[in-house]
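Okay, let me put the model up on the screen.

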Amino acid sequence: MTAQDDPLASSGLVVVDKPEGITSHDVVGRLRRIMGTRKVGHAGTLDPMATGVLLAGINRGTKFLAHLTAATKAYEATIRLGERTSTDDAEGEVIATTAPLSDAELQAGIARLTGDIMQVPSSVSAIKIDGKRAYARVRAGEEVQLPARPVTVTAFDVLSRSGADVKVSVRCSAGTYIRALARDLGGHLTALRRTEAGPFGLDEATPLDELTKSPRLSLSLDEAMARCYPPISVTEPEYHALSQGKRLPVDAARAFAGVRAAMGPDGRVVALVEVNGRALKTVFVARPATL
């Protein structure tokens, strides 16, 4: 199969450097026009005020988004201490003011918010409550209190401080709310930039304006799957069987834990696979035989 007749030649990921002032859904709309397809989706929502790494799936890449491993995220943020807002960021109204934390108090607060913690998400988050987004309930005038949930903050460092404004870097598990970290330090976010999402970073992110001038994938679907999962080589007959969703026998010598990208002799990934008992089963078939 040549690149010209590859049915997945136009499928993959675009790593977008999202600009401030638009929603992640707006980015999807722009990409549909840029890439000339309705089949566009995104993973890992960013608020309108946030910028940085937003992962978008194109064509069959949208099917891969559910399996995309972006378990860790990294951010740079600016927190204004001493001012609580209704949205935990600069878009909300100031609802309480206190004296900003001293440097020593700030470090103590950061220490309490580092490691495995229980975090109460921001009330204006996109978490659904009985099928309705929390932020929509807040806008409708409802009182919203979300339960705490476990998250992991592996690194939380002060980069600089100017008065009440503190620039920080955070590395955390997916599902961690940086706005909530700012809130729990007695302040609110004034700027947020995602620098990493899983194995994808700003160094390969492309601004929307540049994509408008030069539409292109950041990674093919093959490259994306091999980036996110360790590859495992399969023979041509095995490749064909996996493309049909069939199970393959696995002996002890070939057993492995977790999910891997099954790569054929041509270097293309046919499926994501895992070992189940003595069988190799498909988790996601990237190149079904029906293509």
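**Helix 8, the cores and the cysteines**

So, just past helix 8, Gly-245 has a positive phi of about 75°. This is a predicted model, so local features need pLDDT of at least 70 and side-chain atom pairs pLDDT 80 or more, while totals for chains, interfaces and linings use all residues. Numbering runs from 1 along each chain as its sequence is written, and side-chain values use heavy atoms, with hydrogens and water left out.

Helices here are DSSP runs of H or I, at least four residues, and strands are E runs of at least two, numbered from the N terminus. Helix 8 covers residues 236-243, and its buried residues (under 20% relative accessible area, 1.4 Å probe, protein chains only) are Glu-238, Tyr-239, Ala-241, Leu-242 and Ser-243. What do they pack against? Strand 17 (248-249), strand 18 (259-263), strand 19 (269-276) and strand 20 (279-285).

Now the cores, meaning buried Ala, Val, Leu, Ile, Met, Phe, Trp, Tyr and Cys joined through side-chain atoms within 4.5 Å. The largest has 37 residues, and Leu-31, Phe-156 and Ile-178 make the most contacts inside it. Beyond four places in sequence, Leu-31 is in contact (heavy atoms within 4.5 Å) with residues including Val-14, Val-16, Ala-56 and Leu-208. Another core, of 24 residues, lies apart from it, with Phe-64 and Leu-272 among them.

Last, how many disulfides? Taking cysteine sulfur pairs within 2.5 Å, zero. Cys-172 has its closest cysteine sulfur in Cys-228, and that's 17 Å off, so too far for a bond. Cys-172 counts as buried, at 1% relative accessibility, and Cys-228 does too, at 12%.

Conventions:
Buried means under 20% relative accessible area, exposed over 50%, partly exposed in between (1.4 Å probe, protein chains only).
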